[in-house]
Protein chains: 2
Amino acid sequence: MVTSGIKQVAADETQNESIQKLLFAEGLVLENGQKLNHLEIAYQTYGKLSSAKDNAILICHALTGDQYVTGINPISKKPGWWSRMVGPGLPIDTDKYFIICSNVLGSCMGTTGPRSIRTDHQKIGYWGIDFPAITIGDMVNAQKLLIDHFKIDQLFAVIGGSMGGMQALQWAVSYPDQVYAAIPIATSSFHSAQNIAFNEVGRQAIFSDPDWQNGDYWRYGVIPSRGLAVARMMAHITYLSEDALNRKFGRRLQETMIDSSSPIFGEMFQVESYLHYQGSNFVRRFDANSYVTISRAMDWFDLSQAYDGDLVNAFSQVKSRFCVISFSSDWLFPTSRSRVIVKALNRVGAKVSFVEIVSDKGHDAFLLDEPDLDHVISGFLAGIKRQRQLENNAS
Amino acid sequence: MVTSGIKQVAADETQNESIQKLLFAEGLVLENGQKLNHLEIAYQTYGKLSSAKDNAILICHALTGDQYVTGINPISKKPGWWSRMVGPGLPIDTDKYFIICSNVLGSCMGTTGPRSIRTDHQKIGYWGIDFPAITIGDMVNAQKLLIDHFKIDQLFAVIGGSMGGMQALQWAVSYPDQVYAAIPIATSSFHSAQNIAFNEVGRQAIFSDPDWQNGDYWRYGVIPSRGLAVARMMAHITYLSEDALNRKFGRRLQETMIDSSSPIFGEMFQVESYLHYQGSNFVRRFDANSYVTISRAMDWFDLSQAYDGDLVNAFSQVKSRFCVISFSSDWLFPTSRSRVIVKALNRVGAKVSFVEIVSDKGHDAFLLDEPDLDHVISGFLAGIKRQRQLENNAS
């Protein structure tokens, strides 16, 4: 584990487990001009940073993810969210690479977000709904502070799925010299009207919960659990393909009746029970204000926006090698969105591989047992490692 | 307008406008065995029933539809939901055909449903959440009573989109001799796991609203408007294609800021504003208990279920001519579902035409300006009319 001269802050008081995090006393100027005076970044590392500091891979997590990529998540006591991908001898091999994953700005697993205490204001208390409107660019700029802390000049790779893929793209655009390779998976260079619409319905479900208390729910000792569960249930449908749902659940009923006195809901379909579980489980681990903040950051994401709406222009300075990966049954960020990215990268002559993996698992395929994804990632990493050696030998 | 020997009941006390409806004092035995002792059916007719009673077309409405197909809806004061399709000289021509549309069982526009007063119980009051679990088959059996009231031996056609298409299919299966032709549009022979999942999230949004009051909200003088609006917003996304949303709204912002004090929601995307409008508008016109009841009836729909899960078997007795219509961008009931229907009809040697209309308008295309749909419907109706004349001349 890395220690540093920068102050290592104590464990978050809201968690039983210690959370590894750093305080960046200089703060962070956000893209909207506002300054966060106090920035903490919670992160995990796996593997060993080489003396040349040339084997670092930054993994960027998705909307409701966290920094516990592999091993056992100390909060949930369950395996990390990508433990099938990251570890010794696995496609992202911790025997070879130094893996960094930080909780994104605005989240609730230790990095500064709505659940943090604001220090820049006469009103002492949680940020709550007053937390600034952050962007994917802000998340990346916060990660850059962490990478600088490690004195890493160039990341060997930035990898992420879904919102993590947005960060990977943003890294390659914002810091072209610092990203040797980027692997954006199941992602998009912009949030579409439909993406925004689904997010907005989720937020409205949260806002409709009387326990939302206009975002001040902590003060009342409640959480908007019903609204947050509805938001999660809806989002969960968008993460799975129709075929996967048919295969897993079809029209099968739960074996026992739920309530024999209810004419309509005495019986329940298995898919309903599954969604209820997803909803209630999520409420225990995730904060509603963070959900609102991060989902909004995704809505704002449009890589071309700062470049007159021209994605080719956005990519004009990139130097990274790209491996763009989509899944055939992903309807949240369908393959057509990856093609938009690939075409724009081709237009600027970037080095880009593109793979559409045939899978019926939908958007969530990047988190699931999908051997083709393993092969593509391990193959791409091995290839660019050889390539960099050749480049280094030539220079 | 038709009058009859059966008692014509007074206007629903909850509506200012008189609603044309019939009381069926014999009631209705539901598919679950329960008996509704008191059945009222609200309906509208357009055009004139021929003396041979051979020009009747039954139009079946969708989940949140009503009997006001064309002309001005007396409740909303807006044009009927299919006024572009039904009228003099239009594809479903009221100069030629006698159009019947009844509000479905379980709805809230005059036909018996959760908002009706129950008369079979010591507890006087609205049915509310105790309204029986009804099915698409029950809706069709109620419509059959209305058709019998008109002494129509055979409907020239049964036409409907979405849940209306389910009814058209059910009619052809339940009453093979009474349906000369069926036009199921943008529909399915079963509700899939994904369909059920979306419905369930909508219901959970309603149940999460404190004003739901376990379905007894009328007693408290409230309606679960926030939950019902969220349910509608979510459903509305499923009615439109991603391309249509991109075309209509893209990532455009509302021109004026909503709230300059809100860091996150000071600005709003046009698609969000549109969804808010859809949600709040819906709450004014539709009842939450009816939404729960009817959405559940859709979930239960699987035409093959009573036939050992074999759709071919379900269709084995059909005699109707079918025109099955789907839309290329409908992802709620995609073309593949129509193909399932067509293949099963082919297996029993039924007369079936199948048209996939290329449209970017999604599921709602059947309600929108889609000239190809007009041509297909008017062409099919003209064709089967000629066919029936030939058959009649031959016999």
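Visitor: What covers the buried residues of H9(A)?

Guide: Buried means under 20% relative accessible area, with exposed over 50% and partly exposed in between (1.4 Å probe, protein chains only). Contact means heavy atoms within 4.5 Å. Helices (H or I, at least four residues) and strands (E, at least two) are DSSP runs, numbered from the N terminus. Here, the cover over the buried residues of H9(A) includes helix H2 (163-174), helix H3 (193-208), helix H8 (311-314), strand S13 (321-327) and strand S14 (351-357) of chain A, along with H5 of chain B. Those buried residues are A:Thr335, A:Arg337, A:Ser338, A:Ile341, A:Val342, A:Ala344 and A:Leu345.

Visitor: Before we go on, where do these values come from?

Guide: This is a predicted model, in which local features need pLDDT of at least 70 and side-chain atom pairs count only at pLDDT 80 or more, while totals for chains, interfaces and linings use all residues. Residues are numbered from 1 along each chain as its sequence is written, chains are lettered from A and ligands numbered from 1 in the order in which they are written, and side-chain values use heavy atoms, leaving out hydrogens and water.

Visitor: How many residues does H9(A) have, and what span does it reach?

Guide: The expected span of a helix is 1.5 Å times one less than its number of residues. Helix H9 of chain A (residues 335-347) has 13 residues and reaches 18 Å from first C-alpha to last, close to the 18 Å expected. Just after H9(A), A:Gly349 takes a positive phi of about 70 degrees.

Visitor: Is A:Gln278 buried or exposed?

Guide: A:Gln278 counts as buried because its relative accessibility is 13%. A:Gln278 lies in helix H6 (residues 270-285) of chain A. Leaving aside residues up to four places away in sequence, A:Gln278 touches A:Arg232 and A:His236.

Visitor: How is the size of an interface given?

Guide: Often as the accessible area lost when the parts come together. Buried area is that loss (1.4 Å probe), summed over both parts. Chain B and chain A bury about 4,600 Å² between them, 68% of it on carbon and sulfur atoms. B:Glu242, B:Arg251 and B:Ile264 supply 15% of the area that chain B buries against chain A, more than any other three residues. The contact takes 55 residues from chain B and 54 residues from chain A.

Visitor: How many salt bridges does the rule find across this interface?

Guide: A salt bridge is a side-chain nitrogen of Lys or Arg within 4 Å of a carboxyl oxygen of Asp or Glu. The rule finds eight between chain B and chain A. One joins the side chains of B:Asp302 and A:Arg251 (3.6 Å, N to O).

Definitions and conventions. Buried area is the accessible area (1.4 Å probe) that two parts lose on being put together, summed over both.
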